[in-house]
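Trainee: I am new to this structure and would be grateful for a close look at one part of it. Could you take me through the pairing of charged side chains?

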Amino acid sequence: KLLIILFVLAAALPLHAQKVIEYKADMGSRDRDDANVWLLYGNVEAYHDGMTLYTDSASFDTKNNIFIAHRNVRIRITDTTTLLGSTAIYDGTTRIADVWGDTVTLIDGHTILKTDLLSYDRNNSTASYFHWGHTVHDSALMDSRKGFYHSDTRDIYLFDDVVLHDSTAWLYTDTLLYNTQTCLAQFISPT
């Protein structure tokens with residue numbers, strides 16, 4: 001019975017045990033209205049489970065493990081994956097970063113994705129956008145209204161008003177799968 005209980009308890013634990021976001025800044029103070037919130041200014045850095053976030057100023061909700069970054073946001077997700085934007089909300093419990101601004105940029109090796117609002121899920125290394133996106137990989141240029149980029153597999157799923165072009169051709173479709181390792185484009189819906 002004890003073995004079964006231990007197995008059930010182990011299965012119930014999340015894949016990534018919740019870690020508290022660590023941070024440093026030139027200055028900081030508690031929010032007057034909420035003692036759980038720290039207001040941080042100047043050379044702000046946040047660290048969470050291998051990720052580093054840099055920004056000019058931020059607020060950190062210690063109770064909910066949520067970090068809100070303002071101005072000049074740069075998130076180093078891995079050695080090769082970086083997110084840039086104006087504002088970001090990073091949830092240390094869900095491990096999801098929502099980044100927005102005039103131009104949000106995801107750089108992953110030779111792939112550059114630009115949009116105005118991007119959500120990056122660190123649990124499955126997936127970036128998603130739902131308004132517009134422009135992706136550049138070597139000589140291939142891709143535009144779509146919606147998209148999902150998988151950093152692990154280097155697959156880009158593009159949806160709605162998709163345009164793919166390079167030096168030799170233009171392609172227009174509703175859906176497309178493009179792999180940045182193989183540079184292979186595939187239709188993923190009836191044509």
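Mentor: Arginine 145 is partly exposed, with a relative accessible area of 46%. In this predicted model, the side chain of arginine 145 forms a salt bridge with that of aspartate 161, at 2.5 Å from N to O. Arginine 145 belongs to the loop between strand 11 (140-144) and strand 12 (146-150), while aspartate 161 is part of strand 13 (residues 155-165), so the bridge ties together parts that are 16 residues apart in sequence. Aspartate 161 is likewise partly exposed, its relative accessible area being 46%.

A second salt bridge joins the side chains of arginine 95 and aspartate 49, with 2.3 Å from N to O. Here the loop between strand 6 (81-91) and strand 7 (96-108) holds arginine 95, and the loop between strand 3 and strand 4 (51-61) holds aspartate 49; the pair therefore ties together parts 46 residues apart in sequence. Arginine 95 is buried, at 6% relative accessible area, whereas aspartate 49 is partly exposed, at 30%. Both residues also belong to a network of salt bridges that includes Lys19.

A further salt bridge brings together the side chains of glutamate 45 and lysine 24, at 4.0 Å from N to O. Glutamate 45 lies in strand 3 (residues 37-48) and lysine 24 in strand 1 (residues 22-24), so that distant parts of the chain, 21 residues apart, are linked. Lysine 24 counts as partly exposed, with 46% relative accessibility.

How values were computed
Residues numbered from 1 in each chain as written. Predicted model: local features only at pLDDT ≥ 70, side-chain atom pairs only at ≥ 80, totals over all residues. Heavy atoms only, no water. Helix = DSSP H or I, 4+ residues; strand = E, 2+ residues; numbered from the N terminus. Buried < 20%, exposed > 50% of the residue type's maximum accessible area, 1.4 Å probe, protein only.
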